[in-house]
Amino acid sequence: DHGYWGRPEDYYTEYPFAGDRRTYAIDSRRPGTEVWAQASAALASAAIVFTRTSNAYSSRLLATAKTLYRCAKQSNPSNALLQDSLPEVEPQYKSWGFSDELGWAAAWLYDATKEAAYAADFELNMRRGEDRWFYEGFGASWDDLNVMAKLKMLTAMRSYVHAEHLHMMVHAYVSKWVKCNGDNSGPVQTGCGLCFLQKWAPLRYSLTSALVAVVYEKHFLSEASDVGEWAMGQLRYAFGDNPFRISYMIGVDGGGELRTPRKPHHRSSSCPPKDEGECSEGRSLCGACDSPWVLYGAMVGGPDETDCWNDDRANYVRNEVALDYNAPLPALLSWAATRTATTARSAIKLTPNHFLEFRQRLGECVLPPHDAGAQFSCPSGEATDDNPRCPFKYSPCKRK
């Protein structure tokens with residue numbers, strides 16, 4: 001799929017290698033504990049939600065979640081990782097262990113059923129394979145559920161026999177992110193306030209960790225803690241409180257006061273209507289004009305460690321969009337709405353001040369500059385005030 005830049009509906013007619021695309025399966029011979037456990041947790045959480053509206057559907061979800069959990073727990077006696085079964089998942093989706101996924105599933109199933117067996121499984125799961133029982137986590141994300149699994153078990157069962165240990169682990173993770181000083185290989189604060197962990201989509205880590213922090217604060221800390229203020233700072237940075245006055249969520253411009261990305265690394269939104277021409281790597285991926293369509297609500301990856309960002313469609317590290325980039329936002333924004341309603345600070349503006357037009361004007365067709373030394377197939381443009389060449393030599397902000 002990475003070799004094709006075009007319209008999704010044209011994939012099988014325009015891409016010569018489309019026939020090589022395969023469907024992969026996991027089973028007892030090629031186990032995928034990570035996938036089984038993640039799916040089990042997702043269905044168990046959905047079952048909790050649907051108990052309010054449809055007991056029958058909720059029961060179906062829960063039954064399937066239990067079946068998937070049994071597969072995850074019993075069908076991988078050799079503790080094989082996903083890439084052992086399916087080498088094709090490397091390098092993009094290499095697994096670094098499945099103990100956190102197993103713990104995540106057990107915690108959600110306990111919450112959905114209140115069956116003691118799932119609580120009893122939790123420690124065993126977290127210690128299976130790569131032992132993560134004494135590990136607080138690196139950066140909460142799709143492949144690092146360590147702190148989220150522990151926090152879920154705490155909120156689902158306050159009387160859990162090892163609650164004190166889980167508190168210690170979650171507290172260590174939250175403290176590492178709130179301090180944001182690089183201790184224990186943790187994140188480092190940029191000059192302008194972003195808690196930066198890795199160059200590839202840093203906002204996903206800061207915002208997911210912010211969600212972890214506010215859930216922990218809500219359940220276990222006093223309102224006087226500084227955790228919520230730190231989380232709000234990360235959210236505000238993503239929505240415009242940064243040196244470029246950029247809302248990194250596409251189309252959400254703070255009522256016209258902010259810039260938003262206009263050239264995300266996203267195939268279909270970069271393609272013009274068919275009667276206006278082709279969609280290809282040369283014309284669309286490498287095109288100088290803004291994307292023809294507004295991908296409303298998608299969060300791009302975010303800036304580098306110097307707070308530098310430019311609107312470069314070829315730069316997938318900073319301008320790609322993905323489901324996990326958006327994943328923490330519904331809950332985090334809901335929390336923020338209630339918090340700002342009780343404080344003097346203004347709320348984050350999430351709606352544009354104009355009618356939603358999905359067709360975007362081409363704007364100024366100027367090639368953006370690539371990073372120094374970046375090896376992209378697209379040509380590079382000249383640096384401007386709005387589209388600088390990254391990284392900066394010096395931070396545009398003074399560290400507070």
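**Salt bridges, a cavity and a patch**

Mentor: Let's start with E217 and R339, whose side chains meet in a salt bridge at 4.0 Å, N to O. That pair ties distant parts of the chain together: E217 sits in helix α9 and R339 in helix α14 (residues 329–341), 122 residues apart. Helices here are DSSP runs of H or I, at least four residues, numbered from the N terminus.

Trainee: What sort of model is this, and how are residues numbered?

Mentor: It's a predicted model, so local features need pLDDT of at least 70 and side-chain atom pairs pLDDT 80 or more, while totals for chains, interfaces and linings use all residues. Residues count from 1 along each chain as its sequence is written, and side-chain values use heavy atoms, without hydrogens or water.

Trainee: How should I read a salt bridge, and how many does the structure hold?

Mentor: Side chains of opposite charge can pair when their charged atoms come close. The cut-off is a Lys or Arg side-chain nitrogen within 4 Å of an Asp or Glu carboxyl oxygen. The structure holds 19 of them. In one, R204 pairs with D324, the closest N and O atoms being 2.9 Å apart. R204 is in helix α9 (residues 202–220) and D324 in helix α13 (residues 323–326), 120 residues apart.

Trainee: Is E217 buried or exposed?

Mentor: E217 is buried, because its relative accessible area is 8%; buried means under 20%, exposed over 50%, partly exposed in between (1.4 Å probe, protein chains only). R204 is buried too, at 11%.

Trainee: Which residue does E229 pair with?

Mentor: E229 bridges to R339, with the closest N and O atoms 3.9 Å apart. This links helix α10 (residues 227–238) to helix α14, across 110 residues. E229 is partly exposed, at 39%. Elsewhere, salt bridges with shared partners join R7, D10 and K274 into one network.

Trainee: How do I read a cavity?

Mentor: Rolling a probe the size of a water molecule over the atoms shows where empty space is left. A cavity is a set of points on a 1 Å grid, over the protein atoms alone, where a 1.4 Å probe fits but cannot get out; lining residues have an atom within 4 Å of a point. One cavity reaches 30 Å³ or more.

Methods
On a 1 Å grid over the protein atoms alone, a cavity is a set of points where a 1.4 Å probe fits but cannot get out, and a pocket is an open set with protein on both sides within 12 Å along at least five of seven lines; lining residues have an atom within 4 Å of a point. Grid points are joined across faces, edges and corners, and a volume is the space filled by probe spheres set on the points. Helices (H or I, at least four residues) and strands (E, at least two) are DSSP runs, numbered from the N terminus.
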